[in-house]
Amino acid sequence: MKILVVDDSPAMRMMVVRTLRQAGFGGNDVEQAEDGVAALENIRASTPDLVLADWNMPNMTGIELLEALRAEENNVDFGFITTESTTAMRQKATDAGAKFLISKPFTVEAFEKVLATVLS
Amino acid sequence: MGTSYEHPNPASIADLFEIIFGENVGVSDGAAAADITDQHTATFLDPNDNLVAACTCDSAFVTYSGAALSMIPAEVANEMIEDGEITDEVKANFFEVMNICSKLLMSDASAHLRLEKVIAPGQLGDTLSAFEESGTALGFTVDIPRYGRGSLSFLINQP
């Protein structure tokens, strides 16, 4: 399976990839993008099985990326990994079509719990 | 939803930092920075783009936390502190640390806030002048395992 990790922080992308491995999902093909624009290009070229995206990013935010995908009728599984974890933000994510929102800072256990269902 | 923000304390800071830096992060109460002009200052905005909080950090905390986030060797971090030159990578990592620290100021009952920017030492100007009358300052010392000790202060602008 292909997982696309989208975050403008290289360190955070590294932490997400490391946590994916620690949570038992290291056997998947993991690609990275530094913002929504780069992610959209990547997804148009080859739709992944799952997108894990930050919310706040330059050029195109995570929610803008999700809205662009749904406007193109691309229903790829999409989840946020973000500090934006208020009830209102979670509702906005759900309304836009996100499957889940993992709050930063995240734990291996959070990845295991959420992704076990999505990647099963 | 209320507008008051959480006041970080050693336990809440340690809980958060241990998730990103590993176990045994030491956090204790300390004096808030007396002179914040030489500090690295993160500013936080409420949903109406009002400046409501800031976090001022010394160069040691900036360097150690930024280095630890992507596991840059401690020796390299110490060289940066000695040379007074923090790399762009470490500065970018520190920005992410401050982004995560926004959670220390929020609860389900508080208004949302977001990290706006990090201001370099000497560039602060009168950015925080409004905090002088109604601000709360909370200082802490943080020991990051395998790296070292730095200090940070949260300034919260609310009655």
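This is a predicted model: local features need pLDDT of at least 70, side-chain atom pairs count only at pLDDT 80 or more; totals for chains, interfaces and linings use all residues.

Residues are numbered from 1 along each chain as its sequence is written, chains are lettered from A and ligands numbered from 1 in the order in which they are written, and side-chain values use heavy atoms, with hydrogens and water left out.

Chain A contains five helices and five strands, where helices (H or I, at least four residues) and strands (E, at least two) are DSSP runs numbered from the N terminus. Along the sequence these elements follow the pattern β-α-β-α-β-α-β-α-β-α. The radius of gyration of chain A is 13 Å, close to the 14 Å that the globule rule gives for 120 residues, so chain A is as compact as a globular protein of that length. The radius is taken over C-alpha atoms, and the rule is 2.2 Å times the number of residues to the power 0.38. Of the 120 residues of chain A, 56% are buried; buried means under 20% relative accessible area, exposed over 50%, and partly exposed in between (1.4 Å probe, protein chains only).

Within chain A, helix H3 illustrates this packing. Its buried residues are A:Gly62, A:Ile63, A:Leu65, A:Leu66, A:Ala68 and A:Leu69. They pack against helix H2 (36-45), strand E4 (77-82) and helix H4 (87-96) of chain A. The helix is followed by A:Glu73, which has a positive phi near 60°.

Chain B has five helices and six strands, arranged along the sequence as α-β-β-β-α-α-α-β-α-β-β. Its radius of gyration is 15 Å, close to the 15 Å given by the globule rule for 159 residues, so chain B is as compact as a globular protein of that length. Buried residues make up 50% of the 159 residues in chain B. Among contacts in chain B with a separation of 6 or more, 69% involve residues 24 or more positions apart, a contact being heavy atoms within 4.5 Å.

How many salt bridges does a search of the whole structure find over all chains? The search finds eight, a salt bridge being a side-chain nitrogen of Lys or Arg within 4 Å of a carboxyl oxygen of Asp or Glu. One of them joins the side chains of A:Glu31 and A:Lys2 (3.5 Å, N to O). This pair links distant parts of the chain, with A:Glu31 in strand E2 (residues 29-33) and A:Lys2 in strand E1 (residues 2-6), 29 residues apart. A:Glu31 is partly exposed, at a relative accessible area of 29%, whereas A:Lys2 is buried at 9%.

A:Asp54 and A:Lys104 also meet in a salt bridge (3.5 Å, N to O). The two residues are 50 apart: A:Asp54 lies in the loop between strand E3 (50-53) and helix H3 (62-71), and A:Lys104 in the loop between strand E5 (100-103) and helix H5 (108-118). Both A:Asp54 and A:Lys104 are buried.

In chain B, the side chains of B:Arg149 and B:Asp143 form a salt bridge (3.1 Å, N to O). B:Arg149 counts as exposed at 55% relative accessibility, while B:Asp143 is partly exposed, with a relative accessible area of 28%.
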